[in-house]
Each structure stands twice: as structure tokens, then as C-alpha cells.
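Dear colleague,

Please find the structure below, handed over for your reading. A short account of the findings follows it.

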Amino acid sequence: MTDQLARPDFAIIADWIRDGSRVLDLGCGDGTLLGYLQRTKKVSGYGIEIDDEDITQSIRNGINVIHMDLNEGLPEFDEDSFDFVVLSLTLQAMRRPDLVLQEMMRVGTEGIVTFPNFGHWRSRLQLALKGRMPVTAALPNHWYDTPNIHLCTIRDFEILCRRLGFRILERRAVDHVHKRSLGLRLLPNLLGQTALYRFRRAASA
Amino acid sequence: MSQSLPADSVGLVSPQTLHFDEALTLASGGTIAAYDIAYETYGTLNEDHSNAVLICHALSSNHHVAGYHSPDDAKPGWWENVVGPGKVIDTNRLFVVGVNNLGGCHGSTGPSSTDPATGKPFGPSFPIVTVKDWVRSQVRLSDSLGIERWAAVIGGSLGGMQVLQWSIDFPDRLRHAVVIAAAPKLTAQNIAFNEVARQAIRTDPEFHDGRFYDYNTEPVRGLRIARMLGHITYLSDDIMREKFGRDLRDGKIDFDFDVEFQVESYLRYQADSFVGRFDANTYLLMTKALDYFDPAADFGGNLTKAMAQATADFFVVSFTSDWRFAPSRSREIVRALHDNDLNVSYAEIKATHGHDAFLMKIPHYLDVMDAYMDRVAREVGT
């Protein structure tokens, strides 16, 4: 049976997650990723979501979904409860991305974050030439109706990781079809539309 | 004249009664030598008896969950919104059992039943029953119905507490636990409300220490006040404002103690309709069962340890305006479940209705319940 994933960044995340591990998926949406991981990697765990329709859909998709506001942190989870904590395309919508990242590293051993890279050349070009907030395939909303309140670039994110004491284990920058090219490897911040990171606490092995 | 019943209702139903001769030893140390349990069923039990769902009732309800007892019934069962053909708890797919708890006053043995030893109603000599006792009596009902394992045990409020107790005491006998608008134990404030309600009943001159049956009377005043108090706590400030505001019944203030505000009229109506259909001693028993409920007590007060007994998959639901069993109380349950790595989903429903929201037709509530119950039904292949 082939299991198709609608969002290509999910395929990379799934690659990074070990079979049978415990996963917390923050902002799990309709539960597609966690459902896929349950079926193909025998993972267990929970999705966290705040949107009503996504919660209903997650339940339909057979995952454990817990209604929670990520902006309030993860106080109900103990330290080191999960092997992986995933935050896919949600960081930029958080009130305090730094606090969410810290919470991820408190409850999980490894963190996986994906976000739309604001350093992508299209964004840069639109801002530079038009003098307006960019609207791109990865960032389709206008500045006034976007859920994305804390956009950052690949460079910004790496600086924050260093400041928080995270050790980056793996980084990928992909274009809109989530392919990697030589250019992407050389100039990720310029050419990457979506950034994917896997990290842990610097102190741990 | 008989009217036609709605097509999405289970329609006409009749309560049934099972008699048990085996004595039930209670958590209080007392026993009930023999007893009846009243119940209703909707839908069809499948061949391997795997599609059965038990619905546990809240404080003042009973086994009449859905459908009508007669074509002239003004009101259907208390969870008609949810239980029926094609509804959230789909009687085309699931076999649904509603049960009336021991101590009740609608067919199961309770204080108003005749004590065979005296030929008179049990009254105050009916022993205190707890959630644990109810669950054990429901296990016996399950055995009699040939149901080894429920596809789901479901309940709201005090019913949700029974579901929790089921999952701890008989983990092998339920596949899913659906806990709605419940709490792992009452707060002091909750117990305080219950005590005021009980005091209203017990200090009514017609209460006669619970022997009011002998005097052919009932503590109407006390029961009315208890019900009014309960009603205030089951609603929210918002819904009361929405429903009644400060509207005056006659459009002007009369400066007297008759009904002036619409909300007063509503409370009096609710109180009146409760009297005559609910037994005062049963009300005392049910509120005590609420107060005593604390499954963690057997585990050093540690709810996580208590829930470690459970193996069911859980669905926990709370309502934002429920201040009697607030969402934070449901989250305590959720936490104890995921601390044990159990499968649990949790939905917090935006609702203005207060605690009573679990009986209402709230779209998101019905949606999530439908999604979860679809899972339950699919698992048993229906």
C-alpha cells in the first residue's frame, strides 16, 4: 500500500523520525503527518491543535489530538516525554517562537521545525523592488490577514537556535516542490522556500 | 391525539427491568440484598456482541436516553440530540444501552422502592451508593445482556465519572471511554453547592428524616430550592443574560416578592416540573455519590497512578463556559491519561451554555463526537 503525503515537507520529516518513537506533533492540523507516521513508522504520540475543524479531522484520521493553545506552552507535558517534537509550518504563527522552541526542547529529545523562509529571493525581491510585504506561494496571505506574525529567515533561525543552546543536527532548504538542488545547498537562505531543521540540546550527546 | 414521531428518532421505546438476586456489597460497607436495574436499548446487538455502547446518566436523568415512551410524550429521552438512527451515536450501527442507577427513582431499586423486609419504602435506610457501586452493578447488567466488552462507555457530568471508574476498575471490559463535561473529583465549591441543595431538602418540615412516604407527602419546598440552585450552577452567566437579561415579566417593577424578572419565572418553572418526578432521597444519594467520587483516592491521591489501570482509548470533552466542571478539570484527566501514554483525544468546545452544554446541539460538539463515534463503529465493523 502506498501512502501518499500531500505536503512534501512531511516526507522529509518522516525520513528523520525513527520507527517506533514517541512523537508530539505541535499544530498537527488535520493529523495527516501523525497518521502517516503511525501507519508507516509505528510511532505513538499526540497531536496538539487549536482549530476546531482540524481537531475534528484529526479525530477522523484516527490520531490522538489534544486541544491546546501552543502560545501557553506545554505545561501539561513532563520533561523528556517524547523522542521527537515536530513543529511544521507553525513557528511563524506563534506569539513567542523562542518560548515554543524552548518548550519543545524541554519535553522532547529531538526537535523538528519547518518554516517558510522569509530570506527566499522572491520575498527579498518583492520587498526591495515593490516596497511591499511579499506575497508568495509559501506565504500566500497579505500582511493584514496572515496568521504568520513572526516570519524569519534561515539565518535568523540559526542565530536563535545558537542563543537557545540547540545543536542543529540536520538542515534542509527546499523549493516550492520541496526538491533540493546544488544551488539550494550552496545558497539555502536565498533559494530555499521552506526550511527544515532537526536539532537537540547542545549539552546532550 | 398521537403525533408522528421524528424520523431520526429511535421512536417508541419501552423500559425494561432486570432483577438481580445476588447481593451487592457496597463501598460504604452496606449491602443491597436484591435489586432491580431499569434500562433501555436502541439499535441491534450484532452477532459477536461487539457493537454495544453503554450510556451512563448524570445527576437527575435516567435510562430513558432517547426516543418516546408514548406517541403523546411531550419530550423524548434526555440525549435525543445525540442518540438515534444516523445521529452521532448511530443506532443503525451501534447497540445503545441506557441504564438507571441504583438509588434512582425511575425503575431501578432506590429509596422510594419497597423494602421487602418491611413492606414500606426504603427511605433513609437505603444505603449510600457510590460511582464504584454503580459501575459494579452495570457490569452485572453487561453480563446479563451478554456483553463482555463495550465498544464504548459514554457519559456526561456524573455519567463521565462513571466512565472513568469503569476504565479503572474494569479495563478489559471497554474499548473506548468517552468522558464529557466531567472532573476527576469535585472541588470544595462543588461539594458546597451540593450541601446547600441537601440542606434545603433535609430541613424541609415535610422531609420527616427521609420517611416522608409514610406521611404521604414530600419535601416539595426543599426539592424546589435544590433544583433552582442546581439550575443556576448548570447554566452560565452569559446564557442567563442571553435568555432572560433583566427582562421583567409584566414590563414594570412591582416592588414585591412575586415573580418580577423572567429568570425568576424560569427557575420556578424548572423547580415545579422537577417536583413529583424526582425523589428527594434519590437527590440526596446522587449528590453524595458526586461528592465521594475520587478514583485517585485508592492510589494515594495520584490520578496518574489511578489511570495507569486503564487500557481504553479515551475521548475527553469539555465546554468553555462550564464553571461547575471547568475545562481545567478535564485537562487534569487528559494529563493523567497521556502521562500513561494512553490514547486520548481532547476537545474543548466553545459554548455559552455552561455545564448543560453537553446536552445541547452545538455544531462543533456534534462534529467531534461524530468523528469519534465513527471510529468506534468502524472498529467493530459496522
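Chain B has an average pLDDT of 96, and 99% of its residues score at least 70; pLDDT is the predictor's confidence in each residue, from 0 to 100. The model as a whole scores ipTM 0.92 and pTM 0.95.

Two conventions apply. This is a predicted model, in which local features need pLDDT of at least 70 and side-chain atom pairs count only at pLDDT 80 or more, while totals for chains, interfaces and linings use all residues. Residues are numbered from 1 along each chain as its sequence is written, chains are lettered from A and ligands numbered from 1 in the order in which they are written, and side-chain values use heavy atoms, with hydrogens and water left out.

The interior comes first. Buried means under 20% relative accessible area, exposed over 50%, and partly exposed in between, with a 1.4 Å probe and protein chains only.

Turning to charged pairs, the whole structure holds 33 salt bridges over all chains, each being a side-chain nitrogen of Lys or Arg within 4 Å of a carboxyl oxygen of Asp or Glu. One of them joins Glu170(A) and Arg198(A) at 2.8 Å, N to O. This pair links strand β6 (residues 166-174) with strand β7 (residues 194-201) of chain A, the two residues being 28 residues apart. Glu170(A) is partly exposed because its relative accessible area is 25%, whereas Arg198(A), at 15%, is buried.

In chain B, Glu379(B) and Arg175(B) form a salt bridge of 3.0 Å, N to O. Glu379(B) lies in helix α10 and Arg175(B) in strand β12 (residues 174-180), so the pair ties together parts that are 204 residues apart in sequence. Asp272(B) and Arg224(B) form another salt bridge, at 2.7 Å, N to O; helix α6 (residues 262-274) holds Asp272(B) and helix α4 (residues 220-234) holds Arg224(B), 48 residues apart.

With kind regards

How values were computed:
Helices (H or I, at least four residues) and strands (E, at least two) are DSSP runs, numbered from the N terminus.
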